[in-house]
Amino acid sequence: MTSSFWGLLGGGGLGFALGGPLGALVGALAGHVLIDREGALFGPAPKQLIFTTGLVALAAKMARADGVVTREEIAAFERIVEVPEEQKAQVERLFDLAKQTSDGFEAYAQQIAEAFRDEPALLEDVLDGLFLIAAADGAIHEREHAYLRDVATIFAIDEAGFARIEARHLRRRDDPYLVLGASREMSDGELKQLHRRLVLENHPDREIARGLPEEAVCIATRRLASINAAWDAIEKERGIGRKEPEPA
């Protein structure tokens, strides 16, 4: 996301572009009162705008729901949401404004869900980003976990999908098959095909080619690392790729 994007935060222009509850939040940051419209004033808002603003708002709401913001969570947030130094104060204000109450996250999540209903992979990106922030201090606490489940429900991510995403972030449930959405009954060939497909679907270059913001690329990079780590564990467990011993 470019510095010009963040620079617009103070002017309220982004609020009118976004529309809905996210637009109202950004408008409040700029000191304007925006009517909560179903859509943006000038047609559908750019996906980059919804993705990044929505991620900031939902991350802030999650911090409020948990009741405490750790240094590790702040660091994780800053690794995902790349903001120019001169605009950090604006983004901090937006974050603080959104987390003033734990109420209202449903409206933000619903706006994101409606904007990306034809691209469920983007919804998984947003949830993945929230998981990265929540797990930054080494554990996902009960209220954070409940919050993430609620967001997943609004995003229409089913139980299996939620478990697969969760497994990428919780070491205590580190099941490489779950991370890949695979079963232990699958053959080596089937697992290889699944891994290749997941690498293609989750490669950061796809996010870049689609014109998505740096936040989405960062999330995809971390997700691909988890996928490859899970595949490495399965390869080691099954001995896939080992050379057969030479005949005597």
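## A pair between a helix and a loop

Let's start with Arg184, which is partly exposed at a relative accessible area of 46%. This is a predicted model, and in it Arg184 forms a salt bridge with Glu237, the closest N and O atoms being 3.3 Å apart. Glu237 sits in helix α14 (residues 214-238) and Arg184 in the loop between α11 and α12 (188-202), so the pair ties together parts that are 53 residues apart in sequence. Glu237 counts as partly exposed too, with 47% relative accessibility.

## The chain as a whole

Step back for a moment and take in the overall fold. How many helices and strands does the secondary structure of the chain come to? There are 14 helices and zero strands, so reading along the sequence gives α-α-α-α-α-α-α-α-α-α-α-α-α-α, as the helix assignment has it.

The chain has 248 residues, and buried ones make up 48% of them. As for contacts, take those between residues at least 6 apart in sequence: 71% of these join residues at least 24 apart.

Side chains of opposite charge can pair when their charged atoms come close. Searching the whole structure turns up 10 salt bridges. One of these joins Glu159 and Arg149, with 3.1 Å between the closest N and O atoms. Glu159 belongs to helix α10 and Arg149 to helix α9 (residues 142-154), so this pair ties together parts that are 10 residues apart in sequence. Glu159 has a relative accessible area of 49%, which makes it partly exposed, and Arg149 is partly exposed as well, at 30%.

The side chains of Arg197 and Glu201 meet in a salt bridge, 3.1 Å from N to O. Both residues lie in helix α12, four residues apart, which is about one turn of the helix. Arg197 is partly exposed, its relative accessible area being 43%, and Glu201 also counts as partly exposed, at 39% relative accessibility.

Arg168 is found in the loop between α10 (159-167) and α11 (176-180). Is Arg168 buried or exposed? With a relative accessible area of 11%, it falls under the 20% cut-off, so Arg168 is buried.

Which side chain does the side chain of Arg168 make a polar contact with? That would be Asp128, at 2.7 Å. Setting aside neighbours within four places in sequence, Arg168 is in contact with Glu124, Asp128, Val179, Arg223 and Ser226. Arg168 is also part of a network of salt bridges, which links it with Glu124, Asp125, Asp128, Arg164 and Arg223.

## Where α8 meets α10

Some of those network residues turn up again in a helix packing. Helix α8 (residues 120-134) and α10 pack with their axes 10 Å apart, at an angle of about 45°. α8 and α10 are therefore oblique to each other, and α8 passes α10 in a right-handed crossing. On the α8 side, Glu124, Leu127, Asp128 and Phe131 meet Phe162, Arg164, Ile165 and Glu166 in α10.

What is the length of the polar contact that joins the side chains of Glu166 and His145? It comes to 2.4 Å.

## Where α3 meets α6

The axes of helix α3 (residues 20-29) and helix α6 (residues 88-98) cross at roughly 120° and come within 10 Å. That angle makes α3 and α6 oblique to each other, and their crossing is right-handed. Which residues of α3 meet α6? They are Leu25, Val26, Ala28 and Leu29, and on the α6 side they meet Gln90, Arg93, Leu94, Leu97 and Ala98.

Technical notes:
Residues numbered from 1 in each chain as written. Predicted model: local features only at pLDDT ≥ 70, side-chain atom pairs only at ≥ 80, totals over all residues. Heavy atoms only, no water. Helix = DSSP H or I, 4+ residues; strand = E, 2+ residues; numbered from the N terminus. Buried < 20%, exposed > 50% of the residue type's maximum accessible area, 1.4 Å probe, protein only. Polar contact = N/O pair within 3.5 Å; in protein donor to acceptor, adjacent residues only side chain to side chain. Contact = heavy atoms within 4.5 Å. Salt bridge = Lys/Arg side-chain N within 4 Å of Asp/Glu carboxyl O. Axes fitted to C-alpha atoms, helices over the stretch in contact; angles between N-to-C directions. Parallel < 35°, antiparallel > 145°, perpendicular 65-115°, else oblique. Left-handed = near helix turned anticlockwise from the far one by under 90°.
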